[in-house]
Amino acid sequence: MSGPVLVDVTRAAVSPHAVAWAADEAAWRGLPLHLVHAQEWPTGKPPRGGPGQEPPSWVTHFRATGEALLQDALETALMRHRGLELVPSLVAGRRVHVLREAAESAGMLVLGARRYTGVDTLFTPGDKSDALIGHLACPVVLVPEPTAGLPADAPVVVGVDGSPASDLAVALAFEEAALAGTGLVAVDVRRPRDAELPEFLDASRLVLSEALAGHCAQYPEVQVRREVLTGDPAGMLASAARRARCLVVGARGRGGFRGMLAGSTSRTLAHRTECPLIVAPPPQATGHG
């Protein structure tokens, strides 16, 4: 992974949790942490006065609010990792557009997510979530408020189905598990009707073995458990990751979600997962597939 870890700094209560998660990632990977607050000017309120005029007083206060948010985020990151390289940015513009542009040079984009209500204000009718998830060349991480009592060695869970999108998710999941010093649970979710086929288990085990083989050799320190489940893919993965450090899935293709659209599945998991959700970039965005 190259490029800084990029974190979206907002007024939402979950934002400090996203900053903390991003700070850990940046420290573990030896990368800078880029903290961005997108400041959209109120409609009909120009940020500058006329020629030769001082800007209105509210403009100074508006900027100060954004600067204060960034300062709080900087302190949160430094409390976790004192020597971390931090790059704060206050950028005028619509949040989705600002983040998409900043993510062009990032190794990872981290967003705060309100559990069961979607990703902060990105997944509301007025915004286009597809502008970020599934279209960036870097992973997108949705971080909710942390679950109480989660053990330090909680595993990384990854959805596997053998597709190119799933392959990228598996590679990212192994990397995450190695960085966190924890184990990995690889899950293949099949539709209930598939369980009626005589080759059901053999086919699933083959998919898992082929998807994991090279990575197991590359990361021998990561202990791997394989699971074959049947049911609704998004629901089963969310359930499997209930006590996980994070859930990693692919974007586009099937990516662990047979017969489901990537956009709707990402939104479904954003509602259901109790742990951070990492969506790997689509193969076409990374030059694979």
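I take a disulfide to be a pair of cysteine sulfur atoms within 2.5 Å, and by that rule I found zero disulfides in the structure. The model is a predicted one, in which local features need pLDDT of at least 70 and side-chain atom pairs count only at pLDDT 80 or more, while totals for chains, interfaces and linings use all residues. Residues are numbered from 1 along each chain as its sequence is written, and side-chain values use heavy atoms, with hydrogens and water left out.

I then looked up some cysteines. The sulfur of Cys-275 has its closest cysteine sulfur in Cys-246, 6.5 Å away, which is too far for a bond. Cys-275 is buried at a relative accessible area of 2%, where buried means under 20% (1.4 Å probe, protein chains only). Cys-138 also counts as buried, with 2% relative accessibility.

Next I turned to the sheet, taking strands as DSSP runs of E with at least two residues and helices as runs of H or I with at least four, numbered from the N terminus; two strands pair if DSSP finds at least two bridges between them. The sheet is open and has ten strands in the order β3-β2-β1-β4-β5-β10-β9-β6-β7-β8, with mixed pairing. Because β3 (86-92) and β8 (224-230) each have a single partner strand, they stand at the edges with one side left without a neighbour in the sheet.

I also checked one pair: β9 (residues 246-249) and β10 (residues 277-279) run parallel and are joined by three bridges. Val-248 has Ile-278 in β10 as its bridge partner.

Methods: Buried < 20%, exposed > 50% of the residue type's maximum accessible area, 1.4 Å probe, protein only.
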